[in-house]
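Okay, thanks for making time, everyone. I'd like to walk you through a structure, one chain at a time. Let me put it on the screen.

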Amino acid sequence: MAEKNIQPFHETEEQKQQLIEVIDRNKTQPGALLPILHEAQEIYGYLPIEVQQRVADGLGISLSEVYGVATFYSRFSLTPKGKHRVSVCLGTACYVKGADKVLAEVEKKLGIKSGECTDDGLFSIDSCRCVGACGLAPVMMIGEEVYGKLTPAMVDKILDKYIKEEGASK
Amino acid sequence: METVHLKINNTPVEVPKGYTILQAAREANIEIPTLCYLKDINCIGACRVCMVEAKMNGRPMRSLLAACVYPAEEGLEVFTNTPAVRKSRKLTLELLLANHNKKCLSCAKSTTCELQRLAEEYGCDEDHYKSEPARYDIDELSPYIVRDNNKCIQCMRCVAVCKNVQTVSTIGAIGRGFNKRVGSAFDKSLADAPCVGCGQCVVSCPVGALKEKSNEDKVWDAIADPNKKVIFYTAPSIKATIGESFGMPIGTNTEGKMAAAIRRLGEDVTVFNMDFTADLTIIEEANELVQRITTGGTLPMFTSCCPGWVKFVEHYYPEFTPNLSTCKSPQGMFGAVLKGYYAQKNNLDPENIFVVSVIPCTAKKFEVTRPELRSEPDYDDVDVALTTRELARMIKRAGIKFTELQDEDYDAPFNKATGGGAIFGATGGVLEAALRTAAHTLDGDFKKVDFEEVRGPEPIRTVTYEVAGNKITVAVASGLGNARKIIEKIKSGELDCQMVEIMACPGGCINGGGQPIQSDSVLNTVDYKALRSKALYDYDKNAEFRSSHESPVIKMVYDDFFGTAGSERSHKYLHTHYVERGHEYK
């Protein structure tokens, strides 16, 4: 499986120090890898190779062991997330109401696939399983905002709002 | 010792407490099939092929038990051959086959594949469940190992040997569920990983998911090319192992048949004895050790014949590269001798000599590509490194009846070598050969030639010898996990020694990643490493010359060409340098 969306890794000195602190705080306890990866993802938004290598070195284990855990849990992401995280629910209720078509429309509009992030770093798409709003199916979330009773035709307008906002702030 | 009593197939068995059902069954000579189990290396109960039925206190247990992990308990009744057991095993095998790229006819492991053998035994229909099409790219970018995950059955034996035995851990399980696969971090090629190329993963693989990167066609092409003079030489351990590829018992010395077979691969194929450059390594390395001791050089000196070990130091302990002997490996030295000395003496253009080394090893396939190994900038000293398995395949393809051949000698002038050169193929052998020569150099009257203390099978041996008033402490280990322990002891100051011999593969080259692959039933029950080593030590015991410095060929090449050990010319042809690689991925 090829790596998707390879973007150069950038970090601030603050992020770096935070990660070092997280590793130091956890490394003596058994099973330290999982909590460290959780916090590392909080710090960076995702787990690129540079971050995983630092975790591996800090714990004295190999990068392949860290990568094995990072790819086992769907909670971890290897690709950066956008400023606006679009999450389309593919849970049972949403799915039977045509969520797959909504997702396809979002992918078409943004020009990326689920799991990817746009080159300008503004949007990323993910699918999720049930946000607890089955009555509004099909549902998607953009950031913390929930959009319900969707049809593919509505996607364009919703996303345009965010795109315009970004254009104005530039 | 506390024991437990159980019954297996109604036969009472008494075994030590802590044994598994599988171990107990083997004590009772009852065979239970396994796929993921590898003695001392991998015991995870994952493949579900070793399932057995059981009763406890007369009551049937609710589900089948995995014999490789379930402890033998007092009062347990085990049944290894019932309809339920056979059905379960067959189902498991058919499910494995559904997710296995069944290109069995052209597979390198065909007829030696464990899955194929069990599928046949259990009468499996390979198409019982609909197969998925092959979905993984084959990783063949590294010069040593090819991984085809479309054939992987995820037994995790390669992962376990890489992590637990070699402590390198460049491969692991990736992803989850149907997308689970084995590979390097970030799904990178092995070529970009800090892999040492030892090939222990290859000899651990029960199926054809891992194999060496084959160079046989290049050799066939060279043999067919009238402008090329093709020269083979065979590493010390090959004589003790290649017979296995032709159905001969483990530990049969087939040196004479091997030389005869290689000579018959084509017209005008020359075959030399690499034990000679093992001797040459000893002369140069013993001299280097004395130099380091007398001039305050970096100590302890590490042996450098094993390219897996050398790459391990470069990746994981780059600060120790100055400890590595600058001597090329015997493989590297022979290439340099042929394209330097031999070409000159016989008026041959080095570029028309095609050098094929036969080695027990996948890491040596990487070694021949190292630019540092070149004596001249324009060409590689060794053109192709072939594993024992590849040579055996070439012999079969040439229609040579190996077992029927009469013994023949190697070609002159590189036909004679010593017992010291021969034992290079087993752990402790390099050090023992070095001690024979070093002791003789320091004390001409020193008579001891058998340094049994440095031989196996303990994983780490440390011995102090007193020769002519000098105390020399040496340490030996095989397997990179043990090598790591030695380096850590040196770092902490706990171990103070002058010389360290490491072979990357457990047991040394006789168990190298390029050797014939034995079936599970042999790997798990026979001490094949000891049998193969014994062939080399028997050879040594009966050798005309025991110590490297006694070899007439050694005398010839120094008189003719190199002058003395450590001379300028020796350095040009026989010595090399190393690269601090670090453990990050490319």
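So, which domains is chain A divided into? Domain 1 covers 13-72, and domain 2 covers 84-169. Before I go on, please keep in mind that this is a predicted model. The centres of those two domains in chain A, taken over C-alpha atoms, are 30 Å apart.

Some overall numbers for chain A. The C-alpha trace spans about 50 × 40 × 30 Å along its principal axes. There are 7 helices and 4 strands, and going along the sequence you read α-α-α-α-β-α-α-β-β-β-α. Of the 170 residues in this chain, 29% are buried. And if you take the contacts in chain A between residues at least 6 apart in sequence, 60% of them join residues at least 24 apart.

Now the sheet in chain A. It's an open one, 4 strands, in the order β2-β1-β3-β4, and the pairing is mixed. At the edges you have β2 and β4 (145-147) of chain A, each pairing on one side only. From one strand to the next, the twist averages 20 degrees. Look at β1(A), residues 84-89: it runs parallel to β2(A), and 6 bridges join the two. If you want a landmark there, A:Val88 stands opposite A:Ser127 in β2(A). Packed on this sheet is helix α6 of chain A, residues 99-110, which touches β1, β2 and β3 (140-142) of chain A and makes about 155 degrees with the direction of β1(A).

Let me stop at one residue, A:Cys128. It sits in strand β2 of chain A, residues 123-128. Is A:Cys128 buried or exposed, or something in between? In between: A:Cys128 has 15 C-beta neighbours inside 10 Å, so it counts as partly exposed. For reference, buried would take 20 or more, and exposed would be 12 or fewer. What does A:Cys128 contact, leaving aside neighbours within four places in sequence? A:Ser87 and A:Cys89. A:Ser87 is 41 residues away from A:Cys128 in sequence, but C-alpha to C-alpha the two are 6.3 Å apart.

One pair to click on: B:Val230 has B:Phe354 of β14(B) as its bridge partner.

First, α11(B), residues 330-345, has a kink of about 35 degrees centred on B:Val337. Why do I call this helix largely enclosed by the rest of the structure? Because 12 of its 16 residues are buried. B:Val337 itself is one of the buried ones, and so are B:Phe334 and B:Tyr342. After α11(B) comes B:Asn347, with a positive phi near 55 degrees.

Then there's α3(B), residues 114-121, where the buried residues are B:Glu114, B:Leu115, B:Gln116, B:Leu118 and B:Ala119. Their cover includes α2 (83-98) and α17 (520-523) of chain B. B:Gly123 follows α3(B), and its phi is positive as well, near 60 degrees.

The largest nonpolar core has 172 residues, and the members touching the most others are B:Ala67, B:Val356 and B:Ala504. Setting aside residues up to four places away in sequence, B:Ala504 touches residues including B:Val196, B:Trp309, B:Phe312 and B:Leu480. Apart from that core lies another, of 21 residues, among them A:Leu19, A:Ile36, A:Leu47 and A:Val51.

That's my tour, and I'm happy to take questions.

How values were computed. Residues are numbered from 1 along each chain as its sequence is written. Chains are lettered from A and ligands numbered from 1 in the order in which they are written. This is a predicted model: local features need pLDDT of at least 70, side-chain atom pairs count only at pLDDT 80 or more; totals for chains, interfaces and linings use all residues. Two residues are in contact if their C-beta atoms, placed from the backbone, lie within 7 Å. The bend at a residue is the angle between axes fitted to the seven residues ending there and the seven starting there. Domain bounds come from an automatic or database domain assignment. Two strands pair if DSSP finds at least two bridges between them. A nonpolar core is a set of buried Ala, Val, Leu, Ile, Met, Phe, Trp, Tyr and Cys residues joined through C-beta atoms within 7 Å. Axes are lines fitted to C-alpha atoms, for helices over the stretch in contact, and angles run from 0 to 180 degrees between N-to-C directions.
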